Amino acid sequence: MSEPHRSGFACFVGRPNAGKSTLTNALVGSKVAITSSKPQTTRHAIRGIVHRPDSQLIIVDTPGLHRPRTLLGQRLNDLVYATWSEVDVVGLCVPADEKIGPGDRYIAGELRKVAKRTPVIGIVTKTDLAPRDQVAAQLVAMQDLLDFAEIVPVSAKDGFQLDVLADLLVKRLPEGPELYPGGELTDEPEQTLVAELIREAALEGVRDELPHSLAVTIEEMLPREGRDDLLDVHAFLYVERPSQKGIVLGHKGQRLKQVGTQARKQIENLLGTKIYLDLHVKIAKDWQRDPKQLRRLGF
Ligand SMILES: Nc1nc2c(ncn2[C@@H]2O[C@H](COP(=O)(O)OP(=O)(O)OP(=O)(O)O)[C@@H](O)[C@H]2O)c(=O)[nH]1
Ligand SMILES: [Mg+2]
């Protein structure tokens, strides 16, 4: 007898930089979420859809749960908590190459408080970065973190055990038909994906507080008049202070130009059309702490 068709939601949680978005993309087989080595790259709940003959798994990638220092940080954490109550299974991600710490224990404790009955799979991520014995030790250490339904080591980079993880998640979904019958890989609006790709390009090479201060909005995205093969994209790149504007622009605007080139390639890949990308840097003073500006920027 064949297994019934299953469909439902899983979410990945973990501290910033644990590899949640990279894992989401690897399972979906397409870049639905931007990734970076900077903490708090993800700023909203992104749905990636995994289509299989026996099931449809919708992965909700969430921001890293952290100690909030700004209103934005609080909003991001709230989003994580809200997601927990909506999913059938949670994957708690801990990187193989970093010791389990207070951040992980905090998340595990919160999960047990907020989503008492939801099964949690322990995921040791980035196994390609750690020798075998370190991965083994991490799997053992995970057992003290939470009463996981399963614990599995994976690498999004080399594909190690991704199918095993998908099977474990799918097993916890209820029986049901496809929730997204169109075959789409995400329900993110195109404009959001485009804004995110610009932010990803801008994140590269900046450090300290600047990654947190960056936000991108799309002001306009329209086909060039009389052309069906060219899209004009006008975007604003926000920073919080004038000094940051200088860094993002770079000497004679060189850095911004690089960001534009990098983002344009990615957007052209995504949309399958040529684009003209017009980037402007703007200052939105301390937007991370300002409710009005947060609302304007979509938080
Ligand atoms: N070598 C290796 N690097 C990985 C793997 N998964 C993620 N990374 C890297 O780890 C960094 C963080 O990855 P993300 O996927 O952005 O992490 P995240 O958990 O989504 O981070 P936030 O959105 O900030 O919470 C990036 O530089 C990734 O390239 C992996 O399996 N192997
Ligand atoms: Mg992320």
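**Domains, a helix and a ligand**

Modeller: In this predicted model, the end C-alpha atoms of residues 206-285 lie 19 Å apart, and the span is 38% helix and 36% strand. Helices (H or I, at least four residues) and strands (E, at least two) are DSSP runs, numbered from the N terminus. Residues are numbered from 1 along each chain as its sequence is written, while chains are lettered from A and ligands numbered from 1 in the order in which they are written. Since the model is predicted, local features need pLDDT of at least 70 and side-chain atom pairs count only at pLDDT 80 or more, while totals for chains, interfaces and linings use all residues.

Colleague: Which UniProt annotation covers residues 206-285?

Modeller: The name comes from an unreviewed UniProt entry. Such annotations may be inferred rather than shown by experiment. The entry reads "domain: KH type-2".

Colleague: How far apart do the C-alpha centres of domain 1 and domain 2 lie?

Modeller: The bounds come from an automatic or database domain assignment. That assignment gives domain 1 (6-171) and domain 2 (190-296). Their C-alpha centres are separated by 27 Å.

Colleague: How many residues does each domain give to the contact?

Modeller: Two residues are in contact if their C-beta atoms, placed from the backbone, lie within 7 Å. The contact takes 9 residues from domain 1 and 11 residues from domain 2.

Colleague: Why is helix H1 largely enclosed by the rest of the structure?

Modeller: A residue is buried if 20 or more other C-beta atoms lie within 10 Å of its own, exposed if 12 or fewer, and partly exposed in between; C-beta atoms are placed from the backbone. H1 spans residues 20-28. Its buried residues pack against strands E1, E2, E3, E4 and E5 and helix H5. H1 is largely enclosed because the buried count is 9 of the 9 residues.

Colleague: Is Asn17 buried or exposed?

Modeller: Asn17 lies in the loop between E1 and H1. Its phi is near 80 degrees, a positive value in a residue other than glycine. Asn17 has 21 C-beta neighbours inside 10 Å, so the class is buried.

Colleague: Which residues come nearest to ligand 1?

Modeller: A residue counts as near if its C-beta atom, placed from the backbone, lies within 6 Å of the molecule. H1 gives the most to the shell, with 3 residues. Of the 24 residues around ligand 1, the nearest are Gly19, Ser21, Thr35, Thr42 and Gly64.
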